[in-house]
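Dear colleague,

My findings follow directly after it.

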Amino acid sequence: MDYRCSQNRYDHHPLAWRPVPFSRNEPLGFDLEIFTDGSKLNGQVGSSAVVFYHGREIQHSVCRLPDHASVFAAEIKGMDMAFTIVKGLTIWDPVRIYTDSLSLLQALASTVTVDPVVWNLKKQCLELMGTRNLRLFWVKAHVGVTGNEAADQYAKAATTRPSIDVELLKTVSDFQREVKSELVSLWQTRLVQAETGRQTAKYFPMVDFIPKLFNSNIMQIITGHGRFPYYFKRFNFLHTDICRCGGFGDANHYVYECQCTFDLRSRLQFDPAYPPSLFEAASNMEVLNAIVTRVVGFLPTL
Ligand SMILES: [Zn+2]
């Protein structure tokens with residue numbers, strides 16, 4: 001799959017390095033004024049550009065972007081549609097474009113950018129400014145500027161269009177997020193299918209990147225690797241894997257059923273049918289620690 005890679009200034013003619021200036025004025029209500037906006041709503045993304053001629057709306061463009069697009073990408077697309085409209089205009093009045101996206105205007109106002117989409121937008125803008133009386137303005141969002149409110153409404157409505165109107169290459173950060181989620185899914189599959197690590201999977205059936213920080217006693221319960229008769233027998237440190245109470249002495253025995261740990265076990269708050277719940281209540285940690293400390297005392301020191 002293709003990803004959007006970053007570009008440096010030498011991929012572009014120095015004329016494209018010129019910053020695109022913007023100012024901070026309210027719309028005037030005459031000439032051609034175009035308002036653009038981008039919106040993300042319920043995980044769907046839309047852009048708009050609305051044209052006002054002497055204060056009256058005469059035209060608009062909308063577009064729905066892929067769901068992975070950012071609001072910034074939507075703002076860029078809105079501006080891109082405004083430029084397309086300007087290119088097609090046969091009215092030669094001055095044109096003012098308004099957006100409430102300061103970050104977009106700042107990206108255009110900087111001499112260089114790494115985003116190829118911003119490069120492209122900047123080139124279009126500089127080209128248009130060579131032939132048109134065109135200026136860019138920042139307008140504050142949600143203060144009742146009519147044109148901006150209209151653009152906002154159109155962009156929000158565009159998010160609910162039945163299908164995606166333009167494809168958009170994913171960014172490197174999209175790529176990293178996808179790799180990570182793919183990794184978790186592989187890891188999860190492996191955990192489910194593995195024959196080792198069964199004890200840990202019992203308590204932590206879902207993998208994630210959050211480190212599990214427990215003390216060494218509690219880790220013995222989580223992994224099953226510790227000073228338990230079962231584990232000692234396995235390595236021939238003991239002749240029997242039976243607990244002094246007569247039960248099978250693995251880690252779970254002391255948490256679930258051992259007579260010798262009954263007084264401690266009864267303080268644990270969890271659902272025995274759902275082992276992961278053992279690690280949900282913070283108060284259980286102290287109890288588990290005490291259980292392991294006691295069990296360790298049952299066994300000979302090696
Ligand atoms: Zn026991």
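What covers the buried residues of α3? Among the elements that do so are α1 (71-88) and α2 (102-109). Please bear in mind throughout that this is a predicted model.

**Helix α3**

The buried residues of this helix are L121, K122 and C125. They lie on the same side of α3, because the arc they cover around the axis is only 100°. The exposed residues G130 and T131 are carried on the face of α3 that is turned away from its buried side. As for its length, α3 consists of 16 residues and reaches 23 Å from its first C-alpha to its last, which is close to the 22 Å expected at 1.5 Å a residue.

Q124 also has its place in α3 (residues 116-131). Q124 and F52 are 72 residues apart along the chain, and their C-alpha atoms are separated by 21 Å.

**Helix α4**

The end C-alpha atoms of α4 (residues 146-158) are 18 Å apart, in agreement with the 18 Å that its 13 residues should span at 1.5 Å a residue. Its buried residues are G147, N148, A151, D152, Y154, A155 and A158. Seen down the axis of α4, these residues fall within an arc of 170°, so they line one face of the helix. Their cover includes β2 (32-41), β3, β4, α1 and β5 (95-99).

Leaving aside residues up to four places away in sequence, G147 touches P27, E33, F35, V50, F52 and Y98. By contrast, the C-alpha atoms of G147 and A194 are separated by 60 Å, with the two residues 47 places apart along the chain.

The domain assignment gives domain 1 (14-170) and domain 2 (213-298). The centres of domain 1 and domain 2, taken over C-alpha atoms, are separated by 63 Å.

How do α7 and α11 meet, and at what angle do their axes cross? The axes of α7 (residues 216-223) and α11 (residues 283-298) come within 8 Å and cross at roughly 85°. The two helices are therefore roughly perpendicular to each other. On the α7 side the contact is made by N217, I218, Q220 and I221, and on the α11 side by M285, L288, N289, V292 and T293.

**Two residues with positive phi**

H54 is not a glycine, yet has a positive phi of about 50°. H54 is found in the loop between β3 (44-53) and β4 (56-65). It counts as exposed because it has 12 C-beta neighbours inside 10 Å, and 12 or fewer is the limit for an exposed residue.

N236, likewise not a glycine, has a positive phi of about 60°. The loop in which N236 lies runs between α8 (229-234) and α9 (251-256). N236 is exposed, with 7 other C-beta atoms within 10 Å.

With kind regards

How values were computed:
Residues numbered from 1 in each chain as written. Predicted model: local features only at pLDDT ≥ 70, side-chain atom pairs only at ≥ 80, totals over all residues. Helix = DSSP H or I, 4+ residues; strand = E, 2+ residues; numbered from the N terminus. Buried ≥ 20, exposed ≤ 12 C-beta atoms within 10 Å, placed from the backbone. Expected span 1.5 Å × (residues − 1). Arc of directions from axis to C-beta. Contact = placed C-beta atoms within 7 Å. Domains from an automatic or database assignment. Axes fitted to C-alpha atoms, helices over the stretch in contact; angles between N-to-C directions. Parallel < 35°, antiparallel > 145°, perpendicular 65-115°, else oblique.
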